[in-house]
Amino acid sequence: MHVLAFALFCGAAGASAGNPRFAVASAHPQATAAGYRMLENGGNACDAAIAVAAVLAVVEPYSSGLGGGGFFLLHRATDGRQLMVDAREVAPRALRREHFFDAAGQPRKGATVRGGTAVAIPGVPAALDHLTRHCATLPLAQTLEPAILLARDGFAVDRRYARIAQMRESLLRASLETLVFLDGGRAPEPGFVLRQPELAATLERIAREGAAAAFYRGPVARGMVDAVNAAGGAWQLSDLESYRVIEREPLRFAYRGATITAAALPSAGGVALAQVFGILGHFPVGDAHDPRTAHLVVEALRRAFRDRSLLGDPDHVPIPLARILDDGRTKVQAAAIDTRRASVLPPADGGETGGSGNTTHFSIIDAAGNRVAATLTINLLFGSGLMGRGSGVLLNNEMDDFTLRTDLANSFRLRGGVANAMAPGKRPLSSMTPAFVEDDKGVLVLGAPGGSRIISQVLLVAMEYLRLPAVDLQRLVGLPRYHHQYWPDRIEIEPEGFSAGWKAEMEGMGHRLETVNRRWGNLQAVFQPRGDGAAQAASDPRGSDVAWY
Ligand code: DON
């Protein structure tokens, strides 16, 4: 079980709107338990979020961590204020074209995924500081304690860890520091107790001094700069000192009476959701798994992902967001869809790469109704495989989320536009889509890992939530998934859950299908019904075993 949903009813106060109730869903039972403990001890959703994020950094080192970034979507109950804390990594200032292209102008193979050139300046520690200052009630010494203990005393790795470590064994054996993730140089068996004393010490420093002093300056910072530069990167201490999270207005839009709030740029996720729902709003829409509606969903995704090439870091390039999301334009896009035939939009050109990775999401609602939806990542499994010297901090390979060249796909087969070109100090475009969906039934808080497929996961679950009058959260997160991202022009489907009849009908409309060899995603959702009902939480069944993406 990775889920703890808990409802307490306050007898003395009667069944008022202030009934205490809370729910936490994360990708790991230890993380959920840590968040839950904060809430039980009187902490709020921010306290729980800090504890969960820190524990995930320890127990899911392949997914997220201090060396990565992410987005925290927040809702404050007292006044309804919603905010996105953008803790996305940024490109180092000394970044140069030569780091990624050779003298002949050819891309250097692997430069965005391995070695020092792959690593962008991490944002998660700054977010922990920021949340502690602005919305938490407990000190870091308390919220980081569960993570510190798990890093110092160790925890028994699960099958998922063992399997992922096996997949990345050669990467982890490549440096002395990352041997910490292995058992005598080999991927461990489930049950192996993983201890990370250096990471524990780094977390303790952060708990004592805050991340600005303990992570972005001093020996931890120097250790990261040394490791990155020894591996061919070009970091400066000033890159770390100047890192700041950015508070952003989330993207908010209405769909058939519901309000959807999701990650803003530099995530492409909220923009894509707004476009897809905007297009779907012009059609009678049924069950997203029924071929007629699935066709419309795919056509809407095709158009949203096509427009993704216009997106990038809004602080570096002007993004025509109002035009992209304009109702009139969405209407024209909808009108161009043949309800029985796949469209052929002008093809993009160029190569293809395969890929897999990992990331993590958690969703929290506290007793007062505060919410946090956070998606955090170091990008691919175990990130760049580089570790800051002496700090236990595993570093991301988020540079792969930039557009290297418009004809080259990244690890998620995404081909971006010039708006997402690399530049010093710039944030790479992301697909991470923490989201809130509010309607008459209540509020759903959700998100997932899965690279570009994050967007379709959140979309399908949100559509099914909105379609039905009753909420069966566990069913929602388990529903079969399909995905389309404009290029390559095919619908990716999970290996289970799509009948021969379904496939024939989709193919009959002119769609190309690709059955992916494993199910993807690890969606985490909590639901707070309106009125006095108990909060619910659900974890993706795909995350509990060895299926991941
Ligand atoms: O920000 C992004 O879109 C990617 N770096 C997320 C990577 C991811 O979700 C890997 N997934 N399993």
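**Figure 1. Helices α1 and α2 are roughly antiparallel to each other.** The model shown here and in the other views is predicted. Two packed helices are described by the angle between their axes and the distance between the axes. For helix α1 (residues 29–40) and helix α2 (residues 45–59), the axes come within 8 Å and cross at roughly 155 degrees. Angles over 145 degrees count as roughly antiparallel, and the pair α1 and α2 is therefore described in that way. The crossing in which α1 passes α2 is right-handed. On the α1 side, the contact is made by Gln30, Ala31, Ala34, Gly35, Met38 and Leu39. On the α2 side, the residues are Ala45, Asp47, Ala48, Ala51, Val52, Val55, Leu56 and Val59. Sorted by class, this contact of α1 with α2 has 11 nonpolar, 2 polar and 1 charged residues.

**Figure 2. Helices α12 and α15 cross at roughly 60 degrees.** The axes of helix α12 (residues 269–280) and helix α15 (residues 327–335) come within 8 Å. At this angle, α12 and α15 are therefore oblique to each other. α12 passes α15 in a right-handed crossing. Gln275, Gly278 and Ile279 are the α12 residues that meet Arg329, Thr330, Gln333 and Ala334 of α15. The contact of α12 with α15 has 2 nonpolar, 4 polar and 1 charged residues by class.

**Figure 3. An open sheet is built from 6 strands.** Strands of a sheet pair through backbone hydrogen bonds, either parallel or antiparallel. In this sheet the pairing is antiparallel, and the strand order is β8-β9-β12-β13-β17-β18. Which are the edge strands? They are β8 (251–255) and β18 (536–539), and each pairs on one side only. From one strand to the next, the twist averages 15 degrees.

**Figure 4. Strands β13 and β17 run antiparallel.** Strand β13 covers residues 442–447 and strand β17 covers residues 524–529. How many bridges join β13 to β17? There are 6 bridges between them. Leu446 stands opposite Ala525 in β17.

**Figure 5. Helices α12 and α16 lie across strands of the sheet.** α12 lies across β8 and β9 (258–262). The helix α12 runs at about 15 degrees to β8. Helix α16 (residues 453–467) lies across β8, β9, β12 (435–439), β13 and β17. Relative to β13, helix α16 runs at about 165 degrees.

Technical notes. Residues numbered from 1 in each chain as written. Predicted model: local features only at pLDDT ≥ 70, side-chain atom pairs only at ≥ 80, totals over all residues. Heavy atoms only, no water. Axes fitted to C-alpha atoms, helices over the stretch in contact; angles between N-to-C directions. Helix = DSSP H or I, 4+ residues; strand = E, 2+ residues; numbered from the N terminus. Parallel < 35°, antiparallel > 145°, perpendicular 65-115°, else oblique. Left-handed = near helix turned anticlockwise from the far one by under 90°. Contact = heavy atoms within 4.5 Å. Nonpolar A, V, L, I, M, F, W, Y, C, P; charged D, E, K, R; others polar. Pairing = 2+ DSSP bridges.
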